[in-house]
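I set out below what I looked up in this structure, entry by entry. The entries cover strands, rings, single residues and confidence.

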Amino acid sequence: MGDVHFSRERAGKVVVLIFFWMLSLISLSCGARLSVSRQKLQVQNHLNRLNKPAVKTIQSPDGDIIDCVHLARQPAFDHPFLKDHKIQMRPSYHPEGLFDENKVSDTEKPKKGSNPITQLWHMNGKCPEGTIPIRRTKEEDVLRASSVKSYGRKKHRATPQPRSADPDLINESGHQHAIAYVEGDKYYGAKATINVWEPKIQQPNEFSLSQLWILGGSFGEDLNSIEAGWQVSPDLYGDNNTRLFTYWTSDAYQATGCYNLLCSGFIQINSEIAMGASISPVSAYRNSQYDISILVWKDPKEGHWWMQFGNDYVLGYWPSFLFSYLADSASMIEWGGEVVNSEPDGHHTSTQMGSGRFPEEGFGKSSYFRNIQVVDDSNNLKAPKGLGTFTEQSNCYDVQTGSNGDWGHYFYYGGPGKNANCP
């Protein structure tokens with residue numbers, strides 16, 4: 001009898017245990033469902049903020065959707081300080097002494113019969129006057145980011161700090177660079193013509209870019225940076241295409257700034273070029289070479305930082321109030337390449353910088369920046385004085401400068417990443 005009582009008691013306990021186990025499973029699954037739906041809601045709200053109503057929509061051959069958005073409806077005007085901002089449709093001043101592309105010798109120009117650089121979406125239409133083209137952000141773009149908040153942002157400590165090649169810094173940030181730079185003066189802009197390639201990326205969370213940096217402040221918590229160039233970033237765009245990009249921050253990549261138009265800041269006025277859209281064609285090894293010219297300068301009258309792409313496209317401006325140090329001038333200019341080295345399997349990444357070839361291979365094989373110039377306090381474009389170079393690990397990615405009549409100050413840069421001398 002006692003045994004029966006005992007087994008009933010034990011059965012009762014088991015039933016209670018099963019009941020509580022099932023209850024915890026239900027609450028876990030409810031919690032999981034709640035957090036999934038909360039995340040979906042966050043993502044949807046973010047997409048609603050970013051994707052403005054379109055006057056016209058263009059499907060790009062690479063899968064991008066380009067929305068033609070009215071000038072006054074662009075993301076910049078979500079910024080509280082820009083509510084009553086009067087859009088400047090042109091800069092008050094252009095820098096004097098703009099480099100004349102016609103002076104470039106025929107041997108170094110893209111081959112005759114090849115198309116000038118354009119963006120892929122142009123094949124399927126163009127945006128009407130009074131609108132700007134914006135690459136539509138899709139749900140999967142935001143979901144690839146570690147959080148809704150981090151979408152469209154660089155990680156902290158992403159700027160090359162020359163003379164700081166201590167191993168701690170290299171491993172801490174995971175970013176590697178091969179750059180040329182100037183410092184020690186007041187700078188009001190920079191220009192470069194950048195060779196365009198499509199480097200191979202090993203891991204989806206890595207990227208490879210080639211850009212110019214306009215920097216103010218210290219490399220601590222208050223760095224101001226304006227950046228522009230081309231990049232391959234599977235994480236940001238969901239593919240391996242080479243794309244035009246910009247970036248800005250006023251607090252060392254902590255809380256302010258973003259890529260392209262993925263937050264309020266940059267005011268675009270141009271209806272033909274889309275930030276973050278694919279560039280075509282790109283250079284091929286020992287074949288046709290293509291390059292893009294980028295100029296960023298501070299308008300001496302209004303104080304805004306303007307950007308020009310090529311000879312014909314003034315894209316827009318970063319209002320000066322976004323910055324502290326750059327509201328006055330830049331203290332350093334950098335040009336060059338950057339990659340993320342996440343050290344997959346404990347080895348250096350094989351993500352390529354530039355063309356994936358070392359500088360000594362030269363034209364048609366290695367990637368270059370040519371006609372690099374700075375804007376001085378008289379709004380004149382000048383050759384950079386005292387050009388330095390910096391790379392964390394020259395066996396992985398390197399840089400070599402030179403100068404001549406056609407290319408002015410130039411450098412070759414890049415490399416393959418992982419190799420026998422860069423394990």
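**Entry 1**

Strand E2 (residues 65–70) pairs with E4 in the antiparallel sense over five bridges. I take strands as DSSP runs (E, at least two residues) and helices likewise (H or I, at least four residues), numbered from the N terminus. Two strands pair if DSSP finds at least two bridges between them. The sheet that holds this pair is open, has three strands in the order E1-E2-E4, and is antiparallel in its pairing. Its edge strands are E1 (56–59) and E4 (131–135), each of which pairs on one side only. On average, neighbouring strands of this sheet are turned by 25° against each other, direction ignored. For that angle, axes are lines fitted to C-alpha atoms (for helices over the stretch in contact), and angles run from 0 to 180 degrees between N-to-C directions.

**Entry 1. Basis of the values**

I note that this is a predicted model, in which local features need pLDDT of at least 70 and side-chain atom pairs count only at pLDDT 80 or more, while totals for chains, interfaces and linings use all residues. Residues are numbered from 1 along each chain as its sequence is written, and side-chain values use heavy atoms, with hydrogens and water left out.

**Entry 2. The seven-stranded sheet**

I next followed an open sheet of seven strands, with antiparallel pairing and the order E10-E9-E8-E7-E16-E5-E19. Strand E10 (258–259) and strand E19 (388–391) stand at the edges with a single partner strand each, so one side of each is left without a neighbour in the sheet. Within the sheet, strand E5 (residues 175–187) runs antiparallel to E16 and is joined to E16 by ten bridges. I located His175 opposite Val340 in E16.

**Entry 3. Aromatic pairs**

How many aromatic pairs does a search of the whole structure find? I recorded 18. Rings of Phe, Tyr and Trp (its six-membered ring) pair if their centres lie within 6.5 Å; planes under 30 degrees apart count as stacked, over 60 as edge-to-face and the rest as tilted. For Trp248 and Phe323 the ring centres are 5.9 Å apart and the planes stand at 80°, so this pair is edge-to-face. The pair links distant parts of the chain, 75 residues apart: Trp248 lies in strand E9 (residues 243–249) and Phe323 in the loop between strand E15 (313–318) and strand E16 (330–340). Trp248 is buried at a relative accessible area of 5%, and Phe323 is buried at 7%. Buried means under 20% relative accessible area, exposed over 50%, and partly exposed in between (1.4 Å probe, protein chains only).

**Entry 4. Charges over rings**

A charge sits over a ring if NZ of Lys or CZ of Arg is within 6 Å of the ring centre and within 35 degrees of the ring normal. I found the charged end of Arg357 over the ring of Tyr285, 4.1 Å from its centre. The charged end of Lys154 is over the ring of Tyr247, 5.7 Å from its centre.

I placed Val399 in strand E20 (residues 398–404), and Val399 is buried with a relative accessible area of 8%. Beyond its neighbours within four places in sequence, its contacts (heavy atoms within 4.5 Å) include Ala178, Ile179, Phe411 and Tyr413.

Ser320 is in the loop between E15 and E16. Ser320 counts as buried at 16% relative accessibility. Neighbours within four places set aside, Ser320 contacts Lys298, Glu302, Gly303, His304 and Ala327.

**Entry 5. Confidence**

The chain has a mean pLDDT of 88, and 84% of its residues reach 70 or more. pLDDT is the predictor's confidence in each residue, from 0 to 100. I marked residues 165–171, where pLDDT stays under 50. Where pLDDT is low, the predicted coordinates should not be read in detail.
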